[in-house]
Amino acid sequence: MAAVDVIVENLVSFWTIPAIRQFFPWVFVFTSAVGSTLKELEVVPESYFSSSRNALNVYFVKVSWGWTLLLLTPFILLSNSSFSKSSSFVQRRLLSLVVATAIWYVCTETFFYIEDLTGSCFETKAMDLIRKEFTSKVSCKQAGFYWHGYDISGHSFILSYSALFIMEEMVPMAFLKTASLSAWQRLALNLLYVALNLIVMIWVVMFFSTSLYFHDPSHKGLGTIFGLLGWYLTYRVWYLNPLSPGLPPPRHLKQKEHT
């Protein structure tokens with residue numbers, strides 16, 4: 001598995017460049033702005049990614065939170081336990097998954113509520129005849145009609161938030177090179193780390209695809225703002241507080257020593 005070790009080493013080197021971590025959140029702001037502008041100017045031709053039925057969207061984006069949890073849960077468990085054998089420490093760090101899931105749930109449900117609150121049901125996509133008897137998107141679509149409301153981009157939110165969440169939780173990998181790990185632990189962490197980086201790449205590509213082909217600019221802009229706020233208010237504000245899941249090690253442990 002020497003090839004995997006080399007890949008991991010290169011990925012770790014990439015993420016330990018301060019400028020990469022500092023400007024990564026701005027990638028989503030820039031991408032959303034540029035992609036939305038190009039979409040409004042109608043200069044981008046249709047492609048495989050302009051269809052919502054493309055494989056990355058169907059098998060990854062539509063279940064993006066599931067992929068994020070599937071890969072991050074064992075990674076956080078293994079990487080954090082390498083710094084501390086305290087079960088309470090590891091459990092506390094696993095709470096970051098609970099917090100992130102709560103943010104995902106509250107935000108997406110809020111988006112659905114706003115779309116229902118601001119929308120109406122129409123017989124056709126041309127929105128020429130309104131059907132007032134249907135007062136929610138679900139009932140409207142079940143009847144075979146079309147709902148039009150203020151649709152904050154859930155894709156822009158979840159893809160930006162997931163990528164930033166993963167970036168933060170991958171930090172321990174840079175400090176595990178000399179850790180005392182069994183062969184299977186190191187192999188598992190290496191494979192999970194490579195998979196997490198691949199997922200981040202997919203999230204960035206699909207975020208750009210969303211910006212280019214779907215939603216109105218304000219829908220994408222708000223979705224992106226929610227994603228960045230979810231990350232910032234946790235990892236840059238709340239997680240600096242002792243009464244929180246805390247930052248990933250070793251920053252968490254250094255923070256504890258100072259408090």
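Predicted model: local features only at pLDDT ≥ 70, side-chain atom pairs only at ≥ 80, totals over all residues.
Local features here need pLDDT of at least 70 and side-chain atom pairs count only at pLDDT 80 or more, while totals for chains, interfaces and linings use all residues. Residues are numbered from 1 along each chain as its sequence is written, and side-chain values use heavy atoms, with hydrogens and water left out.

**The core.** The largest nonpolar core holds 50 residues. Such a core is a set of buried Ala, Val, Leu, Ile, Met, Phe, Trp, Tyr and Cys residues joined through side-chain atoms within 4.5 Å; buried means under 20% relative accessible area, exposed over 50%, and partly exposed in between, with a 1.4 Å probe and protein chains only. Phe24, Leu72, Phe75, Ile166, Met173, Tyr193 and Trp203 touch the most other members. Elements giving two or more residues to this core include α2 (18-41), α5 (87-118) and α8 (183-213), and α8 provides the largest share, eleven residues. Helices are DSSP runs (H or I, at least four residues), numbered from the N terminus. Take Met173: leaving aside residues up to four places away in sequence, Met173 is in contact (heavy atoms within 4.5 Å) with Val8, Val12, Phe75, Leu189, Asn190 and Tyr193.

**A helix pair.** How do α4 and α7 pack? They meet at an angle of about 5 degrees, with their axes 11 Å apart. Axes are lines fitted to C-alpha atoms over the stretch in contact, and angles run from 0 to 180 degrees between N-to-C directions. That makes α4 roughly parallel to α7, a label for angles under 35 degrees. On the α4 side, the contact uses Ser64, Trp65, Thr68, Leu72, Phe75 and Ile76; α7 brings Ile158, Tyr161, Ser162, Phe165, Ile166 and Glu169.

Asp5 sits in helix α1, and Ser96 in helix α5. Are they buried or exposed? The table has both.

| Residue | Relative accessible area | State |
|---|---|---|
| Asp5 | 39% | partly exposed |
| Ser96 | 0% | buried |

The side chains of Asp5 and Asn190 are joined by a polar contact of 2.9 Å, meaning a pair of N or O atoms within 3.5 Å, one able to donate a hydrogen and the other to accept it, where residues adjacent in sequence count only if both atoms are side-chain atoms. Asp5 and Leu187 are 182 residues apart in sequence, yet 8.8 Å apart in space, C-alpha to C-alpha. As for Ser96, its side chain reaches the backbone oxygen of Arg93 at 2.7 Å. Not counting residues up to four places away in sequence, Ser96 also touches Ile76, Phe165, Glu169, Tyr235, Tyr239 and Pro245.

Methods
Parallel < 35°, antiparallel > 145°, perpendicular 65-115°, else oblique.
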